[in-house]
Amino acid sequence: EFLGERQVNIFQKLTSTLEQEEVKIEETTLPEITLPALWQRIYDDPYLRERGFTDQQFEKFEVGRSKVNRDYITFLVRQGGRLIGYVGRSDKSKKEIDRINIARKQKGEKEYLRYRNSITDFGLTLFGYDEIIEGVTTDIILVEGIFSKTKTDINLGLDIQDETKCCATLGAKLSEYQVYLLKKKGVRRLIFWFEADVLSKIKGIVAKAALDFEVLVCYLSDKDPNDMDAEEALRLYGEAKNWLEFNMSHV
């Protein structure tokens, strides 16, 4: 009898803790921010064209450059229509950035950064989240970066239908809050398209995600989603494996 009562108390405490955590998640709200200094939206850009940007995407995404940092392409990140962050990426190549930083280090100057982002907890958002239509969108392709998302949209024709959409987690992660956001919209299936260099990390992520969703994984061996053409992307999409089969085949 004593043991039974003790088990009941433990269960009640556990239930209470879970309920408190759920309330805490629901109450989390990212603050709205202002635009980057002297930022202007653009509707054409040579660098973005090289990355496969279309006329439709210039209309769809709020992307621009700041007069303060002209060599950074900056995307605004909205959630629920509210501006909660921005992600800026240098238009210079890795080789150029490495060369600049070698010279700066010799002079004792600050490092040139590949990214210039807002001070936002990006674990509390998903880039592309507002494209999900509650009750209609059932499948979400998850990629790490913004350009992987924009290229996947093009390659798979995601803008001409509503059942499947793509979101960028802005890093090789899937936080509890991101899970909450997806469940809130009624998403049922996740397809992970994370790069091969995070293979060991993704195995734990997909196993945890499988507690809440049907989970598939596309194995990307030597290319990021933003480097693929439509034929490659469609082939990989068709070869997606169940998360358990994926984990077992990449021990």
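Student: Is Phe-61 buried or exposed?
Tutor: In this predicted model, Phe-61 has a relative accessibility of 4%. The cut-off for buried is under 20%, so Phe-61 counts as buried.

Student: And which ring does Phe-61 pair with?
Tutor: Phe-61 forms a stacked aromatic pair with Phe-127. The ring centres are 5.8 Å apart, and the planes make an angle of 20°.

Student: Where in the chain do Phe-61 and Phe-127 lie?
Tutor: Phe-61 is in the loop between helix 3 (55-60) and strand 2 (63-66). Phe-127 is in the loop between strand 5 (115-117) and strand 6. The pair therefore ties together parts that are 66 residues apart in sequence.

Student: What about Phe-127, buried or exposed?
Tutor: Phe-127 is buried, at a relative accessible area of 5%.

Student: How many aromatic pairs are there in the whole structure?
Tutor: The search finds 12 aromatic pairs. One of them joins Phe-53 and Phe-58 in an edge-to-face arrangement, with 5.1 Å from centre to centre and 70° between the planes. Both Phe-53 and Phe-58 are buried.

Student: Which residues make up the aromatic cluster?
Tutor: One cluster is formed by Tyr-47, Phe-53, Phe-58, Phe-61, Phe-75, Phe-127 and Phe-147.

Student: Which ring has Lys-185 over its face?
Tutor: Lys-185 lies over the face of Tyr-129, at 5.1 Å from the ring centre.

Student: Changing topic: what is the strand order in the five-stranded sheet?
Tutor: The order is 7-6-8-9-10; the sheet is open and its pairing is mixed. Strand 7 (164-168) and strand 10 (241-242) stand at the edges with a single partner strand each, so one side of each has no neighbour in the sheet.

Student: How many bridges join strand 9 to strand 10?
Tutor: Two bridges join strand 9 (residues 214-217) to strand 10, and these strands run antiparallel. Within this pairing, Leu-216 has Asn-242 of strand 10 as its bridge partner.

Student: Which strands does helix 5 touch?
Tutor: Helix 5 (residues 146-155) packs on the sheet and touches strand 6 (139-143) and strand 7. The direction of helix 5 makes about 165° with that of strand 7.

Student: Finally, how many helices and strands does the protein have?
Tutor: The protein has nine helices and 10 strands. Of its 251 residues, 42% are buried. The protein exposes about 14400 Å², of which carbon and sulfur atoms supply 52%.

Key. Residues are numbered from 1 along each chain as its sequence is written. This is a predicted model: local features need pLDDT of at least 70, side-chain atom pairs count only at pLDDT 80 or more; totals for chains, interfaces and linings use all residues. Side-chain values use heavy atoms; hydrogens and water are left out. Two strands pair if DSSP finds at least two bridges between them. Helices (H or I, at least four residues) and strands (E, at least two) are DSSP runs, numbered from the N terminus. Contact means heavy atoms within 4.5 Å. Axes are lines fitted to C-alpha atoms, for helices over the stretch in contact, and angles run from 0 to 180 degrees between N-to-C directions. Buried means under 20% relative accessible area, exposed over 50%, partly exposed in between (1.4 Å probe, protein chains only). Accessible areas come from the Shrake-Rupley method with a 1.4 Å probe; for residues, only the protein chains shown count as cover. Rings of Phe, Tyr and Trp (its six-membered ring) pair if their centres lie within 6.5 Å; planes under 30 degrees apart count as stacked, over 60 as edge-to-face and the rest as tilted. A charge sits over a ring if NZ of Lys or CZ of Arg is within 6 Å of the ring centre and within 35 degrees of the ring normal.
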